[in-house]
Amino acid sequence: MKRSTLALAMAASVAAIALAERRRPLRPASSPAAPRIARNLAMGAMCAVVVALAEQPMTQAIARTNIARRRGLAGLAPRPLAPVVAFLAMDYGFYRWHVATHRVPLLWRLHRVHHVDPDLDMSTAIRFHFVDMVVSLPWQAVQVRLSGIGPRTLLAWRRFFFLSILFHHANWRLPGQWDDRLSLLLTTPRMHGIHHSQRLAERESNWSSGISLWDRLHGTFVAGVDQALIPIGIDDSAATADVALLPAIAAPFA
Ligand SMILES: [Zn+2]
């Protein structure tokens with residue numbers, strides 16, 4: 001697909017999700033939307049710089065060598081299955097990384113900045129600390145190397161993953177039983193809403209970011225929580241102050 005067509009498809013998806021959030025919100029907002037979205041966009045822009053300058057060139061270089069040497073998990077699989085194996089391995093790698101960002105204190109300091117957002121919508125999907133992106137680089141190198149993913153499958157996985165995080169952070173009540181049905185395969189807004197709860201038992205669930213299978217396999221899948229009653233965010237004493245842009249950037253080093 002042409003780059004311009006892809007950019008158009010991405011813009012259309014973002015516009016469609018934004019419209020759906022307005023028409024069918026899943027949870028009531030607890031703070032003014034405009035400053036929150038502006039802040040999240042600014043943090044997303046900082047992360048995009050790290051992705052463009054470091055993550056993308058590094059992972060693509062490893063992926064090119066994967067193909068040349070037929071190595072990693074995909075290298076062990078029969079050729080027609082190699083892209084599927086690599087895709088699944090990458091997705092599972094991110095499940096493990098997400099668990100680590102909550103369990104390793106140093107990583108949690110950075111990932112907490114994402115969870116501090118007092119409301120959850122599509123803009124929260126890009127609210128990460130740019131240093132979080134930097135410290136994930138060694139893990140990503142290992143993940144790409146072990147998966148054996150090639151550059152084209154990596155590009156496809158990255159696009160899928162980005163759309164998935166926009167989708168499951170969205171404050172969007174899907175029609176009928178669609179959220180439940182989709183959650184058999186993918187991470188959905190209801191699933192991820194539970195993960196952003198202040199209640200620890202709920203936060204320590206639904207770690208998947210793409211395919212939801214990993215939560216089901218690990219017994220960490222949680223559903224059936226009333227979304228309107230989920231206290232979104234973090235309930236530590238510094239959380240309210242750390243929502244704003246500069247405190248959020250400084251928070252992990254405090
Ligand atoms: Zn998390």
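This is a predicted model: local features need pLDDT of at least 70, side-chain atom pairs count only at pLDDT 80 or more; totals for chains, interfaces and linings use all residues.
1. Start with the metal. The zinc ion is held by five NE2 donors, from H98, H102, H111, H115 and H195. Their distances to the zinc ion run from 2.1 to 2.2 Å. Along the chain, the donor residues follow the spacing H-x3-H-x8-H-x3-H-x79-H.

2. Are H102 and H111 buried or exposed? H102 has 9% relative accessibility, so H102 counts as buried. H111 comes out at 4%, so H111 is buried as well. The cut-off for that label is under 20%.

3. L88 sits in helix α4, residues 82–103. With a relative accessibility of 33%, L88 counts as partly exposed, because that label covers values between 20% and 50%.

4. Then there's the largest pocket, with about 1,200 Å³ of space in it. Its lining is made of 42 residues, and V51, E55, R158, F162 and I165 are the ones nearest the centre. The elements giving two or more residues to this lining are α1 (3–23), α2 (33–69), α4, α5 (105–115), α6 (130–135), α7 (137–147) and α8 (151–169).

5. Which element gives the most to the lining of the largest pocket? That's α8, with eleven residues.

Methods: Residues are numbered from 1 along each chain as its sequence is written. Side-chain values use heavy atoms; hydrogens and water are left out. Donors are N, O and S atoms within 2.8 Å of the metal (3.2 Å for Na, K and Ca); water is not among the atoms, so sites may look incomplete. Buried means under 20% relative accessible area, exposed over 50%, partly exposed in between (1.4 Å probe, protein chains only). Helices (H or I, at least four residues) and strands (E, at least two) are DSSP runs, numbered from the N terminus. On a 1 Å grid over the protein atoms alone, a cavity is a set of points where a 1.4 Å probe fits but cannot get out, and a pocket is an open set with protein on both sides within 12 Å along at least five of seven lines; lining residues have an atom within 4 Å of a point. Grid points are joined across faces, edges and corners, and a volume is the space filled by probe spheres set on the points.
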